[in-house]
Amino acid sequence: MLLLHYFYKKMEFKYDIVVVGAGHAGCEAAAAAAQMGSKTCLITIDMNKIGQMSCNPAIGGIAKGQIVREIDALGGHTGLVTDKTAIQFRILNRSKGPAMWSPRAQCDRAKFIWAWRNVLENQENLNIWQDTATEVIVENGEIQGVKTLLGATFRCKCLIITAGTFLNGLMHVGNVQIPGGRVAEPASYMLTESITKHGINAGRMKTGTPVRIDKRSVHFEEMEIQEGENDFHRFSFMDSPTQLKQLCCWTCFTNSKVHDILRSGLKDSPLYNGQIQSIGPRYCPSIETKLVTFPDREQHQLFLEPEGEDTNEMYLNGFSSSMPMDIQIRALKEIPAFRDLAVYRPGYAIEYDYFDPTQLKRNLESKIIKNLFMAGQVNGTTGYEEAAGQGIIAGINAHINCHGGTPFTLGRDEAYIGVLIDDLINKGVDEPYRMFTSRAEYRILLRQDDADVRLTEKSYNTGLATSERYNRMKSKLEQVNHIIEFCKSYSIKPALINGALEQLGTTPLKEGCKLFDLINRPQITLSNISEHVKALKSELDRVENARKEEIIEAAEIAVKYSGYISRERLIANKMKRLEDIRIKDKFDYNSLQSLSTEARQKLARINPETLAEASRIPGVSPSDINVLLVLMNR
């Protein structure tokens, strides 16, 4: 044993980039860096849990689905892995406009892991090492490498920390406390302290997960079925049909008896007896938090979702809890569908370390330690999608730092990923950050249908997106534009179309118009009007078969929302003028008495890159921005 310890202690490896953590951020970061040509190593505690979905085995949702489409457009893998392992797919918010449409897929948890592992194990320039990182090596304010629990040293030019919930992780089930980063997995110790001693601020956050249920004990006749959709929509812009059997989800509700039992256990709830001090996600509350926050609510909706294609394990969405296990199970048995309930394990809460994201640059590099990047929950976010979006940006920029080039960043008008990172570095976090469409002021520009048009060329020019992906996007864009131009130029006469318009429930024409104007009507689609306009049908029939429906949908959205899109683009372009005014290191903010006290303190701490970034910092008022504008002119 002593000889083995000596061997590992002396073992040293050299890489361009080392990624610590193989969750969603780490997987995307490592894959991106290696694909771009950097010699990369991914360090993970357990190779059998690569890309593990620690909570709900689902990808996407409101705004999160848009992020996954953006990752795919950039050349990432989350969308492809999701499509390959999906057991249900849906587009959420169908009743609203396309800016709000959000794809979501339920996945096979186990197959998702192995699909990601297959990607990483077959990626050129990428090695995987199973171990625990314990110490960062920093010399003269710059990353030199990382040490591990086994005694190995990894020298690198750039280090990416994506440790998720593992940094000093502590799980709670009632009064029981178990050290760990995830159930049955050890926590990571010492790494936080080795980072904070260099001046990086850390804090504690909390998240949770619900009980896992044996479906053989469920009375499904007491629940409402929730079918998936089986149309052309997918996450990836590449050809990625699902390969698994499609399954249903189910819904039910809590009741007053459930609530009474849960309330009786509040005195033993870690959230309310002082055992947990950190802050949890406000937008994904535990069931006990729902009871306390909404005391007059008589019921709360729950979603029972399959964990995989061929397992009896099911996930109870909406019942995240750290209550004592007997309280959780007794309460659930008061729901008719769960009266004979059998569970695999109770829900639990977990506390973990995160680092202040305002200490990061826009490329996710630390402002304090050169060539140290951070991505995912260590930056105070919650959710697989938010983590993966940060991961791919960190991977791209770590490669750029190694080999030269301009930092790769995304603006708030270019991507939800841009909104996410901008919010983190300028506003910071006081609770786990979750993306919503409401956080994006340009959400009409950030639709899920055109993420490839927005981002693929940018990524291709950087060296990540492949030529196949780029050419596919160009072909799609050309065909979409061709349909739009045809609609703008083709004239419609009342005598030839009014009968069809009445059938479709819309007002007949009094005079001729362009087809483009007709499609703007809510009752009209390219598909239904093409049955009455042969020239249009011929144009749509010329669209390539592989992505025909996607292309037609994109063209229709562009036509129907052209006015809104143009207006929002105009607003975004005006704001970009402030993005072009660079102010980093140009002011001694503490000496500017014309600024408010809060503005001086926050501007000095964050030191924003541009005037636009400064304008988005909470506490920096428009009058403060005007002061800076005047000083810049001076």
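This is a predicted model: local features need pLDDT of at least 70, side-chain atom pairs count only at pLDDT 80 or more; totals for chains, interfaces and linings use all residues.
Colleague: Let's start with the inside. Which residues have the most contacts inside the largest nonpolar core?

Modeller: That core has 103 residues, and those with the most contacts inside it are V18, W116, L159, I161, M374, I393 and I417. Helix α10 (residues 384-403) gives the largest share, 10 residues. A second, separate core has 27 residues, including V480, I492, A500 and A554.

Colleague: What is I161 in contact with, leaving aside its neighbours within four places in sequence?

Modeller: I161 then touches V20, L191, I195, L372, F373, M374, A375 and V378.

Colleague: How do I read a helix, and which residues of α14 are buried?

Modeller: An α-helix has 3.6 residues a turn, so residues three or four places apart point the same way. In α14 (residues 494-503), the buried residues are P494, I497, N498, A500 and L501. They pack against β20 (491-492), α15 (515-519) and α16 (526-530).

Colleague: Now the charges, please! How many salt bridges does the structure hold?

Modeller: There are 50. One of them joins the side chains of R94 and E229, at 3.0 Å from N to O. R94 sits in the loop between β4 and β5 and E229 in the loop between β13 and β14, so the pair ties together parts 135 residues apart in sequence.

Colleague: And D422: is it buried or exposed?

Modeller: D422 has 0% relative accessibility, so it counts as buried. Its side chain meets R616 in a salt bridge (2.4 Å, N to O). R616 is buried too, with a relative accessible area of 12%. Both belong to a network of salt bridges that also includes R362, K427 and E441.

Conventions
Residues are numbered from 1 along each chain as its sequence is written. Side-chain values use heavy atoms; hydrogens and water are left out. A nonpolar core is a set of buried Ala, Val, Leu, Ile, Met, Phe, Trp, Tyr and Cys residues joined through side-chain atoms within 4.5 Å. Buried means under 20% relative accessible area, exposed over 50%, partly exposed in between (1.4 Å probe, protein chains only). Helices (H or I, at least four residues) and strands (E, at least two) are DSSP runs, numbered from the N terminus. Contact means heavy atoms within 4.5 Å. A salt bridge is a side-chain nitrogen of Lys or Arg within 4 Å of a carboxyl oxygen of Asp or Glu.
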